[in-house]
Amino acid sequence: MGPRGVRSVFHAFCISSFILHPSSFAWAAHPFLTDDTGTQGSGNWQLELQAERAQLDRTTDAGAGPVEQSRRITVFTPVLTYGLLENLDVALGLNHVWQRVTENGVVTDDTDGMADSTLELKWRFYEADGFSLALKPGLLLPTGNENSGLGTGKPSWGVNFIATYDAKPWSFSGNVAYNHVRYKLQQDADENQADLWRVSGGLAYSVRDDLRLVGEAGVRTNQAKDDPYQSGSTGQFAMLGAIYSPTDKIDLDVGFRRHLNNAELDWTILIGATFRW
């Protein structure tokens, strides 16, 4: 795979993940992609340290014989959030990416560097009887090197509409997210979608005060227009995980996301730690 394909691989995974959280562009409460309406409260801080390890192993034949491709992608994302008001947060997310691609056992890409960053607001504008609504507009900032496949080269924007219903011990959240991605390099614009959607839902069950079991499912636009190893216009995914809270200021989480069709990577392992003060 040449540089053209490498950039498509990165964009298909990393940017669609941002519209994070990974899906708007930044990340939700790990290990979810689906965000909830919760905010930090005026004057409060939160630091999330999140890591994901994704893998894809597939074979395709474009006419010159079968090619087996393996992708290994690791993303580390610290996100710092500050409560501007009781119902309004601002969050800055940084992203570091390690990516390795082989074809028939030969390394075709080995990339390591800072990717694009995220800046978001979350505004919870309605809440009553356990039900709440929020909007989360965001910017994708071009801090990654687009020539190395680590960014888009231009600022992009997105917005996420969030609904949450709390009915102890259950909590449900749903998202409809849209992102418009701009590319500096013409070949990136030719190979990747500019308009990306994600629709997803997540739930959490409190086993006890310090332990929640979580799950989600969703669909999202496959950013790559024509990737023979990750084919299809819409990806489908599901995740199962757990969040352990030894104190009300610390969350430790783990999750496993799996593809439900070929437009998604095979699987992703998610781990994270959240600190509040």
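Are arginine 58 and aspartate 266 buried or exposed? Both arginine 58 and aspartate 266 are buried. Buried means under 20% relative accessible area, exposed means over 50%, and partly exposed lies in between (1.4 Å probe, protein chains only).

This is a predicted model: local features need pLDDT of at least 70, side-chain atom pairs count only at pLDDT 80 or more, and totals for chains, interfaces and linings use all residues. Residues are numbered from 1 along each chain as its sequence is written, and side-chain values use heavy atoms, with hydrogens and water left out.

**Salt bridges**

A search of the whole structure finds 15 salt bridges. The criterion is a side-chain nitrogen of Lys or Arg within 4 Å of a carboxyl oxygen of Asp or Glu.

| Pair | N to O distance |
|---|---|
| arginine 58 and aspartate 266 | 2.9 Å |
| arginine 100 and aspartate 110 | 3.1 Å |
| glutamate 264 and arginine 220 | 2.8 Å |

Arginine 58 lies in strand S1 and aspartate 266 in the loop between strand S13 (250-259) and strand S14 (267-276), so the pair ties together parts that are 208 residues apart in sequence. Strands (E, at least two residues) and helices (H or I, at least four) are DSSP runs, numbered from the N terminus.

The salt bridge of arginine 100 and aspartate 110 joins strand S4 to strand S5, so it ties together parts 10 residues apart in sequence. Arginine 100 is partly exposed at 38% relative accessibility. Aspartate 110 is exposed, at 55%.

The side chains of glutamate 264 and arginine 220 also meet in a salt bridge. Glutamate 264 sits in the loop between S13 and S14, arginine 220 in strand S11 (residues 211-221), and 44 residues separate them. Glutamate 264 is buried at 7% relative accessibility. Arginine 220 is buried at 5%.

A network of salt bridges links Asp35, Asp36, Glu120, Lys122 and Lys136.

**A buried charge without a salt bridge**

Aspartate 116 lies in the loop between S5 and S6. Aspartate 116 is buried yet has no salt bridge. The nearest side chain of opposite charge, arginine 182, is 10 Å away. Here Lys and Arg count as positive, Asp and Glu as negative; His and the chain ends are not counted. What does the side chain of aspartate 116 reach at 2.9 Å? It reaches the backbone nitrogen of glycine 144. The backbone nitrogen of threonine 152 lies 3.0 Å from a polar atom of the aspartate 116 side chain.

**Aromatic pairs**

The structure holds nine aromatic pairs. Rings of Phe, Tyr and Trp (its six-membered ring) pair if their centres lie within 6.5 Å; planes under 30 degrees apart count as stacked, over 60 as edge-to-face and the rest as tilted.

Tryptophan 157 and tyrosine 178 are edge-to-face, 5.5 Å centre to centre with 65° between the planes. Tryptophan 157 is in strand S8 (residues 156-167) and tyrosine 178 in strand S9 (residues 170-180), so the pair ties together parts 21 residues apart in sequence. Tryptophan 157 is partly exposed at 41%. Tyrosine 178 is buried at 18%.

The rings of tryptophan 170 and tyrosine 205 have centres 4.7 Å apart and planes at 50°, so this pair is tilted. Tryptophan 170 is in strand S9 and tyrosine 205 in strand S10 (residues 195-208), 35 residues apart. Both are partly exposed: tryptophan 170 at 37%, tyrosine 205 at 32%.

Ring pairs also link Trp45, Tyr82 and Trp277 into a cluster.

**Nonpolar cores**

The largest nonpolar core has nine residues, among them Leu56, Ile73, Val97, Leu150 and Leu265. A core is a set of buried Ala, Val, Leu, Ile, Met, Phe, Trp, Tyr and Cys residues joined through side-chain atoms within 4.5 Å. A second, separate core of six residues includes Phe32, Ala204, Met239 and Ile243.

Most residues other than glycine have a negative phi, and most peptide bonds are trans. A cis peptide bond joins histidine 30 and proline 31, with omega about 10°. Proline 31 is in the loop between helix H1 (3-17) and S1. Another cis bond joins lysine 168 and proline 169, omega about 10°. Proline 169 lies in the loop between S8 and S9.

Asparagine 104 has a positive phi of about 50°. Its place is the loop between strand S4 (96-103) and strand S5 (106-114).

Note on methods:
A polar contact is a pair of N or O atoms within 3.5 Å; within protein, one must be able to donate a hydrogen and the other to accept it, and residues adjacent in sequence count only if both atoms are side-chain atoms.
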